[in-house]
Amino acid sequence: MTLDFFFMRSTFMRSTFMRSKLLKSASVALSVWKRMAVVAAMVAAMVLVSLVANAGVIENYQFESPEQQEQFFRLNEELRCPQCQNQSIADSNAPIAQDLRREVHRMIVEEQADDDTVIQFMLDRYGDFVLYKPRMDARTLALWFGPLILLLLGLLILFRILKQHRPDTKDQELDQQDKAELDKILGGKDK
Amino acid sequence: MKRWKLFLPLAFFLTFCVLLYIGLFMEDKSELPSMLLDKPLPEFSLKKLKNPSETVTEEDLKGKVLMLNVWGSWCPACKVEHPYLMKLSREGINIVGVNYKDEREGALQWLDRLEDPYLFNIVDEDGRLGLDLGVYGAPETFLVDKKGVIRYKHIGIIDARVWKEDLKPRYDALQKELVQ
């Protein structure tokens, strides 16, 4: 079985989706029809823009199975382009990203390589940098658990502040003398 | 609550700011650490540029300290560093070129027109050797010791400052190393 695929498809659908979500929240005051027309026009514009923007990243790769294709997609999204730094190799059109995609494809189809093999291959050459999701090791512990620790610390501080600000019930209880005085003022009406 | 505790959040915030500032502005993000430091050159078998009938392998690069310079005639920055490479080659520095993802004609014209600082050039047309070397652009230059082990990597143009501060001391040190 042979499956053709275009890179454009995935990036295009995702960007259109995200942008249309933004649009929805922006146009509240318009009537339903006007709103829909505006949304349609803007979505069309976005489609056009994303088509133009992504026009370079159209490559035709062939796979032996849908699983391989899925693996290819997934790995490309996970690997970061060493040249362009803020794009995955799936998104980037830099020459090095093209090379890396070709290499991922070759490893998947020719060597039936699993994810770990491909990722290790990239790590050996480009280092941790190529991973969008860093591995867990001694150097990345702070990265992985830092936010959790900060959250716990925050909760702890919040807890202590709340505890300090809780009204002190002991002070507010009236002793016998106060009660008697109060009764006198109220004239025993509340009995 | 003690008064100094009131300043804890501010202290946290400032620490964060400093860390973010370092992350954003201090680190040179165009340079990634090379994974290949202190590793032997990857295996390859590629043709020479001026002599396509001859094949070069990683074995041919052993025996002397050399600079492996990744370049292409498509690369403007390579043109900038070219005069300095010429100067180094006249001083007797061993420079081997990796003609990276280039067209043969363009590369030969380049060497013809601008002079040839290289001992010889390895043709890496599809960028496969570059990939094994962790190259992601040009120019990049590797310092390779006598045993064919990569000892240093410089990303970007070589000029007088880079040579004097980064490359020359290391090149000279490697020259002094003995091969057992």
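**Strands of chain B**

Trainee: Which residue stands opposite Asn69(B) in β4(B)?

Mentor: This is a predicted model, in which local features need pLDDT of at least 70 and side-chain atom pairs count only at pLDDT 80 or more, while totals for chains, interfaces and linings use all residues. Residues are numbered from 1 along each chain as its sequence is written, and chains are lettered from A and ligands numbered from 1 in the order in which they are written. Strand β4 of chain B covers residues 95-100 (strands are DSSP runs of E with at least two residues, numbered from the N terminus), and the residue there that stands opposite Asn69(B) is Gly97(B).

Trainee: How many bridges join β3(B) to β4(B)?

Mentor: Strand β3 spans residues 66-71 of chain B and runs parallel to β4(B). The two count as paired (DSSP must find at least two bridges between them), and the number that joins them is five.

Trainee: What is the bridge partner of Tyr100(B) in β5(B)?

Mentor: β4(B) also pairs in the parallel sense with strand β5, residues 121-124, over four bridges. Within β5(B), Tyr100(B) has as its bridge partner Asp124(B).

Trainee: How many of the six residues of β4(B) are buried?

Mentor: β4(B) is mostly covered. A residue is buried if 20 or more other C-beta atoms, placed from the backbone, lie within 10 Å of its own, and of the six residues in β4(B) the number that are buried is five.

Trainee: Which residue in the turn between β6(B) and β7(B) has a positive phi?

Mentor: Strands β6 (residues 140-144) and β7 (residues 150-155) of chain B pair in the antiparallel sense over five bridges, with Glu140(B) partnered by Ile155(B). The two strands form a hairpin with five residues between them, and the turn residue with a positive phi, about 80°, is Gly148(B).

Notes:
Buried ≥ 20, exposed ≤ 12 C-beta atoms within 10 Å, placed from the backbone.
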